[in-house]
Amino acid sequence: MVADSGEVDVRAAERRMYIERELAITGQVSVSSLAAALAVSPVSIRRDLNVLVAQGVARRAYGRAIAVGRPGPTAGQGESTGGPEPLPSPRERRPARRSQAGAIGLIIPSTRYYYLRVLDGMKEAAAAARVPIAFANSGYSVAQEQEQIRRIIRRGVSALVVTPAQTPERDPSTYRLLQEQAVPVVLMERDGGDEFTDLDSVRSDHALGARLAFQRLADLGHRAVALVCAESTATAGWLQAGFDTKRPLFDTGRSEHLTIASAPEYEPAMQTRMDEILDRFASRGITGALVHSDVAAGVLAQRARERGVTIPAQLDLIAYDDEIAALADPPLDAIAPPKREVGRLALRLAVERSLEPATERSSQKVTVAPQLVLRAGRRDPGSR
């Protein structure tokens, strides 16, 4: 089957993004290694390189491409040498020129769902600042993210933007490693807490998001409510803090925090847990809930309908994240964290830090407010 032109264009764009990342990290790439890594023909790679050359990202050399601003191969250096020599450690390198930032290292735990929007904001800011991004995905592995931090630092970057897999309370080891780096570090969607106050951070104000949700439920007249979220996520603690602030608005004896696993929505364990939660709602008279994530909110809403519960008349659900809440049946109100803005601000702060002297620099803690998104068919305040 021949793919349509739209699919071909998307794949070519994804290949070029991959090549740009490799250029930012290694300084040069070979046609043969790229063809093998991306499972395409050398002809396709050459076409991709031609586009990047036209965009001023790379320049061509025999059998390879070199990042603009990087030195080319030395005399006698063939394609089988495995690329340039490793760059010296950050403590050995000369400080970056203050007039222009170099590559910004980026390590995040996922490239799907929530972080797709964060990446959109980072790419916009990087394009405006004319800086490359050296990117890595940790897959929520602490060991993997620490290895990636060391690798990207060895390659040479002006600053790091990192979303650690764990909070500092659960596992502080990555935060300690980041403290040791000679380049500026910006935590994204994380906070160093009291122990790592010297690390800059840019994050969504999730506690505020929870307060907005529970204030909405209080305004609608609900008396017994619940916070439903995966306990293992970094967001859970902030949601709990917001819930605790608004809990006096409700019947505290019946309102509670219920946990779910981070399992995919199609796993039997998740379906069983949703039935347990709905049973709990019925026994305690809970009529409203904030559910994180909105994938879980959609599953809970679907299971409630299957059991004959009308939404929102009998059960009012507010989804947290607002990735797919609009597609639920009926569409769910949601709290929408400022994902794109967080990415944009984190990249901008990293660039600014890379141009500043390291001495006498106070850390910045930037929080960005989420929004309450109300959708059609919802009940007016005071009608319950």
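These legends describe close-up views of a predicted model.

The model is predicted, so local features need pLDDT of at least 70 and side-chain atom pairs count only at pLDDT 80 or more, while totals for chains, interfaces and linings use all residues. Residues are numbered from 1 along each chain as its sequence is written, and side-chain values use heavy atoms, without hydrogens and water.

**View A. The largest nonpolar core has 28 residues.** A nonpolar core is a set of buried Ala, Val, Leu, Ile, Met, Phe, Trp, Tyr and Cys residues joined through side-chain atoms within 4.5 Å; buried means under 20% relative accessible area, exposed over 50% and partly exposed in between (1.4 Å probe, protein chains only). Among the members that touch the most others are Val-228, Ile-277, Phe-281 and Leu-300. Helix H10 (294-306) is one of the elements giving two or more residues, and H10 supplies the largest share, six residues. Helices (H or I, at least four residues) and strands (E, at least two) are DSSP runs, numbered from the N terminus.

**View B. Ile-277 and its contacts.** Beyond its neighbours within four places in sequence, Ile-277 is in contact (heavy atoms within 4.5 Å) with Val-228, Leu-258, Ile-260 and Leu-300.

View C. Pro-312 sits in the loop between H10 and S12; Pro-330 is in the loop between S12 and strand S13 (333-336).

**View D. Asp-322 has a positive phi of about 55°.** This non-glycine residue lies in the loop between S12 and S13. Asp-322 counts as buried because its relative accessibility is 19%.
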